[in-house]
Amino acid sequence: MKTFFSLAIVCLISFSGFSQNENSNVAEFKFDEETIDYGKIVKGSEKIRIFKFTNVGSAPLIIERIQSSCGCTVPEKPEEPILPGEKGEIKVSYDTNRPGGFSKMITIFSNAKTSKKIIKIKGYVENVKLLEKEKSMMSNN
């Protein structure tokens with residue numbers, strides 16, 4: 001019985017050590033910003049914003065895919081692995097021809113310690129034609 005417990009303890013220690021070594025060699029994101037605010041923009045204005053990040057892990061970071069919460073938001077992932085300590089970018093394009101407020105989520109699937117990461121964009125697209133019409137009506141009064 002004593003031998004069984006000794007063997008069980010050795011196995012647990014070995015398994016615990018293996019798990020720690022396995023987890024210490026992982027990739028991990030550190031974003032400069034996790035939410036980009038377009039602010040108030042004019043309809044049809046610049047669509048693209050860039051999320052910058054660093055791989056602060058100890059293994060190459062591989063982005064498998066990126067999914068947006070809406071077809072009006074198109075993310076572009078880096079094709080090559082991001083090595084430890086290196087910087088990477090995720091480009092996001094929003095359809096700025098849609099007037100009104102917006103708040104969209106972009107989900108990143110990767111081999112990082114946090115394998116599913118969510119970043120966001122938000123802002124307000126002003127309908128310039130509507131604003132110009134209102135201004136002309138006000139100036140006619």
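Reader: Is Lys117 buried or exposed?

Author: A residue is called buried when its relative accessible area is under 20%, and in this predicted model Lys117 is buried because its value is 19%.

Reader: With which residue does Lys117 form a salt bridge?

Author: The partner is Glu34, and the closest N and O atoms of the two residues are 3.0 Å apart. This pair links distant parts of the chain, since Glu34 sits in the loop between β1 and β2 while Lys117 belongs to strand β8, 83 residues apart. Glu34 has a relative accessibility of 37% and therefore counts as partly exposed.

Reader: How many salt bridges does a search of the whole structure find?

Author: The search finds three. One of them joins the side chains of Asp95 and Arg98 at 3.3 Å, N to O, with Asp95 partly exposed at 24% and Arg98 partly exposed at 41%. In another, the side chains of Glu79 and Lys77 meet at 3.7 Å, N to O; here Glu79 is exposed at 63%, whereas Lys77 is partly exposed at 23%.

Reader: Which residues have the most contacts inside the largest nonpolar core?

Author: That core has 24 residues, and those with the most contacts inside it include Phe31, Phe51, Phe53, Ile90 and Ile108. Strands β1, β2, β3, β4, β6, β7 and β8 each supply at least two residues of this core. Leaving aside neighbours within four places in sequence, Ile90 is in contact with residues including Phe31, Phe51, Phe53 and Ile108.

Reader: How many helices and strands does the chain have?

Author: The chain has two helices and eight strands, and from the N terminus on, the elements run α-β-β-β-β-β-β-β-β-α.

Terms used. Residues numbered from 1 in each chain as written. Predicted model: local features only at pLDDT ≥ 70, side-chain atom pairs only at ≥ 80, totals over all residues. Heavy atoms only, no water. Helix = DSSP H or I, 4+ residues; strand = E, 2+ residues; numbered from the N terminus. Core = buried A, V, L, I, M, F, W, Y, C linked by side-chain atoms within 4.5 Å. Buried < 20%, exposed > 50% of the residue type's maximum accessible area, 1.4 Å probe, protein only. Contact = heavy atoms within 4.5 Å. Salt bridge = Lys/Arg side-chain N within 4 Å of Asp/Glu carboxyl O.
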